[in-house]
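Hi,

Here is the structure I promised to pass on.

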Amino acid sequence: MSSTIREAGLSADRLGAPKVTPLPARTAANAPVSQAHGIVRNPGMKLDLGFMESMRSVNRSALERRVASLTKRRSIKADNQAAWLLRAVACMDLTTLNSNDTDERVRRLCAKAVNPFRRDIVEGLGITGEKIRPAAVCVYHPFVATAVDALRGSGLHVAAVSTAFPHGLTPLSTRLQEIEASVSDGADEIDVVIPRGLVFGAKWQELYNEIVAMRAACGEAHLKVILGTGDLATLRNVMLASMVAMMAGADFIKTSTGKESVNATLPVGLAMVRAIRAYFEETGYLIGFKPAGGISTAKASLDWLVLMKEELGRRWLEPDLFRFGASSLLTDIERQLEHHLTGHYSANHRHAMA
């Protein structure tokens with residue numbers, strides 16, 4: 001698969017001189033973590049089927065070889081590993097999307113987000129006074145107001161899963177009303193799902209129009225578009241759906257709801273980040289990426305961070321461009337950090353989430 005800009009379908013007068021757009025300059029490794037939405041938002045573009053046609057060819061074997069080389073080539077140990085794990089926490093959407101969620105459970109999760117580590121771990125790592133914590137708390141719409149109240153003044157974002165999550169199978173008008181209601185309650189990030197049938201039917205214009213309408217309903221809230229990659233069957237579908245979402249104005253593209261039988265996988269993630277790179281080369285706009293579902297271990301989080309660093313660069317290791325959708329990941333990271341300090345693993349119940 002090529003990450004260069006489109007070649008097929010362009011007339012000679014449009015090709016002109018070769019176009020090379022460098023990725024953003026490297027950010028210093030010790031740069032402060034941004035908790036704000038600090039980049040120019042993607043305004044979207046007209047649906048360009050020629051651009052999409054140039055992105056259709058996806059070589060699964062090549063992607064899998066690339067992923068294998070990324071995860072086997074790097075070994076992150078000791079203090080470096082602890083630093084990368086702290087970065088993973090800073091890029092986390094701490095999530096509860098269970099049928100038994102309650103207001104009190106959401107409040108406890110918000111308290112964990114504000115103070116993610118036990119005091120002895122904070123002191124042992126020497127990060128007292130540093131605001132290393134998840135970027136957002138992600139909840140169902142009925143709990144948005146509760147989360148907003150619990151996080152008031154903390155600087156953490158509140159993300160709502162809207163549009164008939166996790167399947168997206170209600171009328172568009174109903175889905176748009178849910179987005180507007182979540183924004184009205186205070187959510188500043190909206191995670192929406194697409195109807196997967198539009199991808200299978202190659203109904204790109206209809207999918208584009210729906211996402212444009214969702215972006216408009218979000219207003220100033222940032223839009224994360226969930227593709228449901230485990231349901232899309234092929235990497236080609238993943239690539240094309242990613243391109244449509246970005247053309248329609250998505251601020252982030254996200255792998256999964258966490259409810260599919262197969263959720264975030266590294267080959268799927270690689271296809272999506274290469275779509276992000278191609279879109280950046282074409283438009284100059286930076287699009288965020290959020291893998292979600294099944295990322296529950298500290299080791300897995302390191303693999304995803306390496307993927308982002310190698311494919312898109314240091315700028316995509318900030319929470320305004322990269323998020324983990326996670327619920328139990330924070331528990332394992334906290335356990336790993338305690339092991340780094342003491343040499344011993346503790347039980348999960350010593351790192352309660354909510």
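Below is what turned up, going from the core to the salt bridges and then to a pair of helices.

Two bits of housekeeping. This is a predicted model, so please note that local features need pLDDT of at least 70 and side-chain atom pairs count only at pLDDT 80 or more, while totals for chains, interfaces and linings use all residues. Residues are numbered from 1 along each chain as its sequence is written, and side-chain values use heavy atoms, with hydrogens and water left out.

First, the core. By nonpolar core I mean a set of buried Ala, Val, Leu, Ile, Met, Phe, Trp, Tyr and Cys residues joined through side-chain atoms within 4.5 Å. Buried is under 20% relative accessible area, exposed is over 50%, and partly exposed is in between (1.4 Å probe, protein chains only). The largest such core has 101 residues, and those touching the most other members are F117, V225, M243, F289, W304, F324 and I333. Helix α12 (residues 266–283) gives the largest share of this core, 11 residues; helices here are DSSP runs (H or I, at least four residues), numbered from the N terminus. There's also a second, separate core of 7 residues, including L97, C138, F165 and I226.

Next, the charged pairs. I count a salt bridge when a side-chain nitrogen of Lys or Arg is within 4 Å of a carboxyl oxygen of Asp or Glu, and that rule gives 28 of them. One joins R274 and E311, at 3.0 Å from N to O. R274 sits in helix α12 and E311 in helix α13 (residues 298–311), so this pair ties together parts that are 37 residues apart in sequence. Both R274 and E311 are buried. By contrast, R107 and E104 lie 3 residues apart in helix α5 (residues 103–114), about one turn of the helix. Their closest N and O atoms are 3.4 Å apart; R107 is partly exposed at 39%, and E104 is partly exposed at 40%. Look out too for a network of salt bridges linking D93, E189, D191, K224, K254, K290 and R323.

Last, the helix pair. Where does helix α13 meet helix α3? R66, L70, T71 and R73 in α3 meet D303, V306, L307, E310 and E311 in α13, with contact meaning heavy atoms within 4.5 Å. The axes of α3 (residues 60–73) and α13 come within 10 Å and cross at roughly 110 degrees.

Cheers

Conventions. Helix = DSSP H or I, 4+ residues; strand = E, 2+ residues; numbered from the N terminus. Axes fitted to C-alpha atoms, helices over the stretch in contact; angles between N-to-C directions.
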